[in-house]
Amino acid sequence: MKFIPCNIPGPIIIEPAVFGDDRGFFMESWNAQAFHDAGLDVDFVQDNHSRSQRGVLRGLHFQNPVSQGKLVRVATGAVFDVAVDLRRSSEHFGKWVGVELSARNKRMFWVPEGFAHGFLTLEDDTDFLYKCTAPYAPENEQTLAWNDASVAVDWPQLDHELLLSEKDKSGRSLADVSAFK
């Protein structure tokens with residue numbers, strides 16, 4: 001596995017070693033020793049799987065005080081995946097990093113605790129998989145507005161209207177969310 005730091009400390013793009021031939025391919029999507037060797041000692045307690053049509057925007061979600069680290073990847077389709085730094089003590093507070101994850105590029109993305117996370121699906125029937133370091137706790141969940149002008153995520157432009165849940169339509173501004181210390 002190749003671990004690629006982003007321009008904001010914390011999130012990491014991960015490129016697995018992929019072994020393929022005319023039958024298909026094989027890759028490790030999780031290896032505790034490889035992550036440990038890269039300085040990421042994480043314990044996962046929950047795996048999630050979502051399927052979305054093209055143009056679905058999910059996020060920007062986070063839990064506070066019981067924060068989740070997430071290892072995310074796409075099994076089918078493609079997404080533009082985003083992490084926003086919500087650590088008030090960070091010089092990168094309110095900044096974001098984005099990466100395209102797809103079944104073709106097989107990249108994974110580590111989103112550490114202290115970040116909001118979201119994605120926009122770029123293809124129909126996109127299967128999005130993620131491992132979490134803490135269980136889902138709805139009483140701690142918050143949504144940062146996907147279109148908050150102070151964060152200014154540069155989402156890819158699509159040729160139709162975005163599809164958002166009511167929760168994601170009512171996300172709060174960076175100034176109004178309960179950010180981390």
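**View 1. Gln63 in strand β6 of a predicted model.** Gln63 is found in strand β6, where helices (H or I, at least four residues) and strands (E, at least two) are DSSP runs numbered from the N terminus. This is a predicted model, in which local features need pLDDT of at least 70 and side-chain atom pairs count only at pLDDT 80 or more, whereas totals for chains, interfaces and linings use all residues. Residues are numbered from 1 along each chain as its sequence is written, and side-chain values use heavy atoms, with hydrogens and water left out. Gln63 counts as buried because its relative accessibility is 3% (buried means under 20% relative accessible area, exposed over 50%, partly exposed in between, with a 1.4 Å probe and protein chains only). Leaving aside residues up to four places away in sequence, Gln63 touches Gln68, Pro135, Tyr136, Ala137, Asn140, Glu141 and Phe180, contact meaning heavy atoms within 4.5 Å. Gln63 and Thr143, 80 residues apart in sequence, are 8.7 Å apart in space, C-alpha to C-alpha.

**View 2. The lining of the largest pocket.** The largest pocket is lined by 27 residues, of which His61, Lys70, Tyr130, Glu141 and Lys167 lie nearest its centre. On a 1 Å grid over the protein atoms alone, a pocket is an open set of points where a 1.4 Å probe fits, with protein on both sides within 12 Å along at least five of seven lines, and lining residues have an atom within 4 Å of a point. β6 gives the most to this lining, with 6 residues, and β5, β6 (57-63), β11 (115-121), β12 (126-132) and α2 (166-169) each supply at least two.

**View 3. Strand β8 and its partners.** All 8 of the 8 residues of strand β8 (residues 78-85) are buried, so β8 is largely enclosed by the rest of the structure. Ala78, Phe80, Val82 and Val84 point one way from β8, while Val79, Asp81, Ala83 and Asp85 point the other way. β8 pairs in the antiparallel sense with strand β9 (residues 96-102) over 7 bridges, two strands being paired if DSSP finds at least two bridges between them, and Val79 stands opposite Leu101 in β9. Another 7 bridges join β8 to β11, again antiparallel, and here the bridge partner of Val84 is Ala116.

**View 4. An open sheet of 6 strands.** The strands follow the order β1-β2-β10-β7-β12-β5, with antiparallel pairing. β1 (2-5) and β5 (46-52) stand at the edges with a single partner strand each, so one side of each is left without a neighbour in the sheet. Within this sheet, β2 (residues 12-15) and β10 (residues 108-111) pair over 3 bridges, and Ile12 stands opposite Trp110 in β10.
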